[in-house]
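This report concerns charged side-chain pairs and their surroundings. The structure is shown first, and the pairs are then described in turn.

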Amino acid sequence: MIIITIHEHLSFLWRNVLLSSIFIFSCAISFAQEISEFTIPDSLQSKTYEALITAFASDKKDSIGRLIYANTYFAKANKAKDTLEMTRGYELLAFAYAKDYPRSFVYYDKAIALSKDLKHKRYPAMLYTFKGAVLSTDGKYAKAMENHLKALEYADKNDNIELVYVNKHNIGLLKKYLELYDEALEIFKECYRYELNNENRKELDFALSHFSIAEIYIETKVLDSAIKYNTKGYQIALQQNFTDLKNLFLLNKGIIFYHQGKYAQAIQQINTAMDSLQHSREKLIIMNSFFHVAKSYDSLQKPAKAIVYYKKVDSVFTEHPHHISSTIMNTYKSLYNYYRSVNDKKNEMLYIEKALVTSNLNKKDYRTLSNKIIKTFDRRKLLQKQKELNKALNQKDKSYSVLKRVSLLVLCIFMIVLLAFYAKQRQIKKRFKEFVQQHEQTVRTPKKAANIDTEDVKKIGLAKEVIDQILAALDDFESKKLFIESDNTLPNLSKRFKTNSAYLSKVVNTYKNKKFAEYLNDLRIEHAIEKIQTDKQFRLYTIKAIALEVGFNNSQSFARAFKRKTGIKPSDFITQLESMKS
């Protein structure tokens, strides 16, 4: 495997660069012009491809020299109309422009376009692999996943088993970043088994698999297994003199100490290992290590020392804001709670604002692929805290003379807003009470079995036996609450009931007195209402988390269906219910 080669190539990725497609397109035009205008130096005219690659590899510190070698390589290949060598030329140009993100990607894309039909063992799989690793490090998880899946497709098609497992490992890392630990562990173990049985394996890759598995077991608190893999991996790193990796295993050991309740040992172990890893590219690991030192000091009742390390997490994340994790969320929570405890409103406000900004970073990629943060980090509560603190700080900072001049205007506006607010609240409260009373009567009314008469059978044109079978399947579907599954479409449900869409639609229309979509949404809304009324913890979820929990794909469709059913928004329903129960 070549994971380390990829990591060496990606050192420039710790810069947080955002690209637009227009800029990339314009770059592509200008780069094509640059290549066409390049003239091979006389000293390189007779150099072979192999000699140029050797010179390129040995000239790592001379970016201009590397660019000349890469351009020479491509120019020779282009003159010979050799597609494979042109692909390699573009790849070298991508490497040469490693510190220039837009240029690097343009050359990767050109190489991919050239090599798609080559049926080559390395191309374009390796190129997609590089792009996936770039995007992953930049926090663009969805696009990274797309490129790794493309790499897997071509590696598998062209029988490159090594690249298959490189990309599987990288997909495992993506899942680990998203805290999908069970899925990540399954992938890492598959890679581990491949390396274990591969006589030609690279020991560095084998040690990395040990490290990744140990990390997952630490996160999931399976400490016996974490110690086993961490110890074996450390021994490999020690024997092979992999210095940085050895220190990463020592960091893991320190975090294990924390979970064992050995807080002083955890602090000493982590700090010792961190001495040689301050400039490591593994920023997620560094943040996690600082976080566990802080937690250890908290457990030792030393909040002043803990806060120093929480701030170190914040400092690293501020410089490298590529990934959201529970560690970052919990760090900001600890910081603003600490400053609240010492009545420092300005710092409390600072870290609440940082928490809110963090929740918006990579929102599309992260929240599309993982619901965990949605359910564990309640943005709504933070916004409320921010609002309260803003009010307190503004009141503190305003002088009496300014307040005197604007008080009348503010009071008028406030009264208007207040009256409108109370009118709206009365309306919401009235609708809430009406719905609750009506709903309670409906719940108390026994559910009548469907009466299948001859007229209905004739009307819908189905045999009584078919209707009976579909109604029984619907009863089972409702009683087992299978409607909360998000893939419940009319065709899918028809297959599950061993019938067809037309029959199922007719029975639902006739005996449920509604269209299929309305029937399904009503079941989900009824379930949501029941959970909201009976489960206090469920009421703490965000609206999006509730929507996902009961089977909706997004909060908008859930909110529309909920309001159509109850007459009020879900957030207002929860507020009224909390008010009634208090």
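## Terms and basis

A residue is called buried under 20% relative accessible area, exposed over 50%, and partly exposed in between (1.4 Å probe, protein chains only). A salt bridge is a side-chain nitrogen of Lys or Arg within 4 Å of a carboxyl oxygen of Asp or Glu. Helices are DSSP runs (H or I, at least four residues), numbered from the N terminus.

The model is predicted, and local features need pLDDT of at least 70, side-chain atom pairs count only at pLDDT 80 or more, and totals for chains, interfaces and linings use all residues. Residues are numbered from 1 along each chain as its sequence is written, and side-chain values use heavy atoms, with hydrogens and water left out.

## A pair within helix H5

By the salt-bridge rule, the count is 20. One of these joins Glu85 to Arg88, with the closest N and O atoms 2.9 Å apart. Both residues belong to helix H5 (residues 83–96) and are separated by 3 residues, about one turn of the helix. Glu85 is buried at 10% relative accessible area, whereas Arg88 is partly exposed at 24%.

## Pairs between separate parts of the chain

Glu91 pairs with Arg122 in a salt bridge whose closest N and O atoms are 2.6 Å apart. Glu91 lies in helix H5 and Arg122 in the loop between helix H6 (101–115) and helix H7 (125–137), so the bridge ties together parts 31 residues apart in sequence. Glu91 is buried, at 5% relative accessibility; Arg122 is partly exposed, at 30%.

A further salt bridge connects Glu530 with Lys481, the closest N and O atoms being 3.8 Å apart. Glu530 is in helix H27 (residues 516–534), and Lys481 is in the loop between helix H24 (464–479) and helix H25 (490–496), 49 residues apart. Glu530 is partly exposed at 40% relative accessible area, and Lys481 is partly exposed at 32%.

Key
Helix = DSSP H or I, 4+ residues; strand = E, 2+ residues; numbered from the N terminus.
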